[in-house]
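My notes are kept in the order of looking.

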Amino acid sequence: MTTNPLLIDLYQLTMAQGYFREGMQEAQASFTYSFREHPFKGGFAVFAGLYEFGNHLENWSFSTEDIQWLSSLKAADGTVLFGKDFLEYLKKLQVDQLEISAVSEGSIVFAGEPLLRVTGSLIVTQLLETTLMNRLNFETLIATKAARCYIAAGGDPVLEFGLRRAQGPDGGISASRAAYIGGCSATSNLEAGRKFGLPVAGTHAHSWVMAHTSEEEAFESWTRSAANNSILLVDTYNSEKGIEQAVKAGAALEARGGTFAGVRLDSGDLAWLSRRARKMLDSVGLEHAKIYASNNLDEHTILSLKSQGAMIDSWGVGTRLATGGDQSALGGVYKMTAMRPSPTDSWEPKIKVSDQSIKTSIPGILAVRRFLDYKGRPVGDMIYDLNNPPAGGAEVTIVDPRDVTRQKNFDAEMDSIELLKPFFRGGSLVQLQNDIHEIRENCLANLAVLDKSHQRFMRPHLYPVGLERNLFEKRLEMITRHKGVS
């Protein structure tokens with residue numbers, strides 16, 4: 001997956017040249033990344049994609065080839081788009097003064113709260129926008145979809161099979177990584193398995209059966225060729241007869257001293273076929289053999305099949321997981337929240353105002369504090385300004401910026417954690433990236449303590465996220481001033 005600094009939109013570089021022309025090389029900015037609405041009409045998201053963005057940062061610089069290509073671009077009037085002096089500036093541009101704080105990968109996060117705070121040179125922070133959003137939007141979307149499938153499966157393994165229909169090679173590899181973080185047990189994607197150390201899994205294709213003279217011969221051959229991985233796909237011609245042939249081949253394998261792994265259902269009435277398969281397997285002593293299912297599954301289909309009493313042990317989810325299925329993109333945004341003319345000046349809060357309240361940003365050098373109940377369960381997140389933190393007192397109040405009537409008080413002595421932790425300082429990561437298995441465990445541990453009302457697929461309960469009262473009042477004052485309301 002590319003880490004080139006040109007993985008950006010053109011306007012970022014033309015804006016950077018504009019800042020350069022105005023002598024704003026010393027200006028500093030603070031940006032935050034967040035998403036506006038929970039994906040899939042749900043009540044939470046799983047934060048993912050930080051690893052790839054960190055890898056991009058550690059290798060960030062404009063090469064000679066990059067500069068040469070940029071020098072060839074033309075403006076609308078046929079003159080060069082980028083001046084030689086600006087291109088010379090880009091050659092020397094580094095990220096060693098950049099400071100990034102971020103939520104840990106695998107964390108459960110919510111709409112409207114900052115997930116990254118990026119502070120540094122105005123030009124550098126601007127140039128990171130598109131790459132950051134590209135990495136985080138997609139992997140967070142897919143990790144969240146995987147978590148929903150994990151929840152629906154109720155502890156059964158969920159296998160990710162989406163590479164062939166993913167959005168290109170990079171999309172396929174990123175999807176496999178994110179799906180594992182969100183709770184999938186394995187992937188069929190060997191390159192993702194190699195790159196990230198993911199467990200890999202798979203069966204055989206219909207073509208294996210079609211390449212033999214009969215289904216019986218194909219199954220017998222497979223149990224000899226892959227005796228230690230004998231999962232038989234039964235729907236090439238007729239699913240019910242296929243199950244009968246698979247059970248026969250599995251019993252023969254066991255008689256030879258092998259172990260039959262199970263059958264895979266890929267079409268038809270999966271609930272009925274799984275019950276039929278379970279009965280037939282058990283009747284010949286193959287109680288240990290598993291029933292795998294695929295065929296355009298997602299969290300809703302899995303939940304429906306479970307409610308119908310399906311006897312499915314493992315769920316293969318492909319297209320609707322690796323592509324996001326019913327939602328093609330996460331609505332992540334990257335907004336400037338503060339600026340100062342130089343590193344020695346004071347920060348000035350910045351706000352983007354809109355007639356759509358959901359698009360009005362939050363000003364300040366932002367942080368997020370998560371309050372926990374006595375069992376360590378999250379009960380609310382407070383967004384506050386590091387330069388104007390909550391006043392001391394017995395309690396703090398958060399106000400939902402989209403609905404002022406939604407307010408919540410927290411005892412100032414409650415257990416809490418800061419979500420935005422140092423991630424990148426002095427040109428390098430300040431923390432080694434967590435092992436991906438640890439990231440996955442972080443996700444599952446967070447899901448385990450998240451109230452079930454926030455995990456519902458239909459009309460989930462809204463988790464409390466709000467602005468600390470001082471920040472809420474500052475934001476309101478800025479909105480009023482910029483709109484010219486008296």
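The entries below run from the whole chain down to single residues.

**Ground rules.** I am working from a predicted model, in which local features need pLDDT of at least 70, side-chain atom pairs count only at pLDDT 80 or more, and totals for chains, interfaces and linings use all residues. Residues are numbered from 1 along each chain as its sequence is written, and side-chain values use heavy atoms, with hydrogens and water left out.

**Whole chain.** I read off 17 helices and 21 strands; these are DSSP runs numbered from the N terminus, helices being H or I of at least four residues and strands E of at least two. The C-alpha trace spans about 80 × 60 × 40 Å along its principal axes. Of the 486 residues, 52% count as buried (buried is under 20% relative accessible area, exposed over 50%, partly exposed in between, with a 1.4 Å probe and protein chains only). The exposed surface comes to about 21,400 Å², with 49% of it from carbon and sulfur atoms (Shrake-Rupley method, 1.4 Å probe; for residues, only the protein chains shown count as cover). I also looked at contacts, meaning heavy atoms within 4.5 Å. Among those with a separation of 6 or more, 73% join residues 24 or more positions apart.

**Antiparallel sheet.** I traced 7 strands in an open sheet, in the order S13-S12-S1-S5-S3-S19-S20, with antiparallel pairing. Two strands pair if DSSP finds at least two bridges between them. S13 (348–349) and S20 (428–429) are the edges; each has a single partner strand, so one side of each lacks a neighbour in the sheet. Inside the order, S3 (residues 99–102) and S19 (residues 421–425) share 3 bridges, and isoleucine 100 has phenylalanine 424 as its bridge partner in S19.

**Parallel sheet.** Another open sheet has 6 strands in the order S7-S6-S11-S10-S9-S8, with parallel pairing. Its edge strands are S7 (186–187) and S8 (231–233), each pairing on one side only.

**S21.** I checked which partners this strand takes. S15 (residues 378–385) pairs with S21 (residues 465–468) in the parallel sense over 3 bridges, while S16 (residues 395–399) pairs with S21 in the antiparallel sense over 2 bridges. In S21, methionine 382 has glycine 466 as bridge partner, and isoleucine 398 has glutamate 468.

**Tryptophan 60.** Not counting residues up to four places away in sequence, tryptophan 60 touches Pro5, Leu93, Gln94, Val95, Leu127 and Leu128. Phenylalanine 47 is 13 residues from tryptophan 60 in sequence and 23 Å away, C-alpha to C-alpha.

**Cavity.** I found 1 cavity of 30 Å³ or more. A cavity is a set of points, on a 1 Å grid over the protein atoms alone, where a 1.4 Å probe fits but cannot get out; lining residues have an atom within 4 Å of a point. Points are joined across faces, edges and corners, and the volume is the space filled by probe spheres set on them. The largest cavity holds about 40 Å³. Its lining includes Leu159, Phe161, Arg264, Ala293 and Trp315. S10 (290–293) and S11 (314–317) are the elements giving two or more residues to the lining, and S11 gives the most, with 3.

Methods
On a 1 Å grid over the protein atoms alone, a cavity is a set of points where a 1.4 Å probe fits but cannot get out, and a pocket is an open set with protein on both sides within 12 Å along at least five of seven lines; lining residues have an atom within 4 Å of a point.
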